[in-house]
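Hi everyone, thanks for making time for this. I'd like to walk you through one model, so let's get it up on the screen.

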Amino acid sequence: MSVTVSSSPQGSTTGPRPPASVHGRRRRRRRRNWSWLRGIAITVVALIFALPVIWMFAAAFKTNVQVTDPSVGLWFSPTLENFRSVLEAGQILRSMGNSLIVGFASTVLSAIIAVPAAWAVGRFRMRRAGSLILVARIIPAISLLVPWYYVFAQAGLVGSYTVLVLSHMFVSVPLILWIMISFFEGLPVELEEAARTDGLSAFGAFWRISLPLAAPGTATASLLAFVFSWNNFMFALIFADEHTQTVPVTLFNFISYASTDWGGLMAAATLITLPVLLAALLGQKYLVAGLTSGASKG
């Protein structure tokens, strides 16, 4: 009597296996479903953050009665009266010019100081200096307002552009420096060593090699410093006068003890948002490159 021995290994399933194309379709379906869920989540988060901005833009074209009426949503008869009254007053345009002067000057001077310092800290591993920079970032700026005001008042600088630029640089310099340290640490040191071999000095290697490669990081840090300067309210409230006040202080003037001009406030807020939005759009390429370079470091 013959015995038939099964050639399949012990414990193996004898049923037919699904073809590879089925597995491929399942993986594609899972990726497609995950892509849909991710898109929905991103849309919901974007709407949550965009709703205040959308409400501000819509309120700029409403009357004060419509702004305070909860029943009036996004369907209303728009009016340009708020923008006309704000522009005719002239204060908002003068304040925007002051903010541009202070923001541009403080950002440029801070970058001139902070970028070479960040290269030195990153290249020569000055950990103690990095810790001091972090301490400068931690110190609340409001704690320095009283001594600053005394010193600047004695020097006769209160109410000038100089005091606003210097006070903004107290925050902008550590901000740019702390961001740029990681960028310079991420650059390959072999490029500078090759430049030094070709006869360049240490600063020449920084100027010709490292600085162009760190341009996305410099643009990112400078844009963040400019946005801080543009939005800063505390320093301008203390140190500026009626001729040098910046846009946050001008917005504050729309709020009085008895009432608030919501239409004018929203129109002015819309106007001062446009320069920052334009700067972000123009520098979007460098901003995204700088953020991704910092995120992929290491």
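Helices and strands here are DSSP runs numbered from the N terminus, where a helix is H or I over at least four residues and a strand is E over at least two. With that, the elements run α-α-α-α-α-α-α-α-α-α-α-α-α-α from the N terminus on, which is to say 14 helices and zero strands.

A word on the ground rules: this is a predicted model, with local features needing pLDDT of at least 70 and side-chain atom pairs counted only at pLDDT 80 or more, while totals for chains, interfaces and linings use all residues. Residues are numbered from 1 along each chain as its sequence is written, and side-chain values use heavy atoms, with hydrogens and water left out.

How much of the protein is buried? Of its 298 residues, 35% count as buried; buried means under 20% relative accessible area, exposed means over 50%, and partly exposed is in between, using a 1.4 Å probe and protein chains only. Now contacts, meaning heavy atoms within 4.5 Å. Among contacts between residues at least 6 apart in sequence, 74% join residues at least 24 apart.

Let's turn to helix packing. Axes are lines fitted to C-alpha atoms, for helices over the stretch in contact, and angles run from 0 to 180 degrees between N-to-C directions. Helix α4, residues 91-123, packs against helix α10, residues 215-231, at an angle of about 140 degrees, with the axes 9 Å apart. Therefore α4 and α10 are oblique to each other: under 35 degrees counts as roughly parallel, over 145 as roughly antiparallel, 65 to 115 as roughly perpendicular, and the rest as oblique. Residues making the contact include M96, L100 and F104 of α4 and A225, F226 and W230 of α10. By class, this contact has nine nonpolar, seven polar and no charged residues. For the classes, Ala, Val, Leu, Ile, Met, Phe, Trp, Tyr, Cys and Pro are nonpolar, Asp, Glu, Lys and Arg are charged, and the others, Gly among them, are polar.

Next, helix α8, residues 189-197, and helix α9, residues 202-213: they pack at about 140 degrees with axes 9 Å apart. That makes α8 oblique to α9, and the crossing is right-handed. Here L191, E192, A195 and R196 in α8 meet A202, A205, I209, S210 and L213 in α9. This contact divides into six nonpolar, one polar and two charged residues.

Finally, the rings. Rings of Phe, Tyr and Trp (its six-membered ring) pair if their centres lie within 6.5 Å; planes under 30 degrees apart are stacked, over 60 edge-to-face, and the rest tilted. By this rule there are 13 aromatic pairs. W148 and F239 make a tilted one, 6.4 Å centre to centre with 45 degrees between the planes. W148 lies in helix α6 (residues 145-154) and F239 in helix α11 (residues 234-239), so the pair ties together parts 91 residues apart in sequence. W148 is buried at 16% relative accessible area, and F239 is buried at 0%. Y149 and F239 are stacked, at 6.4 Å and 15 degrees. Y149, however, is partly exposed at 39%. W148, Y149, F152, F170, F235 and F239 form one aromatic cluster.

Note on methods: Left-handed = near helix turned anticlockwise from the far one by under 90°.
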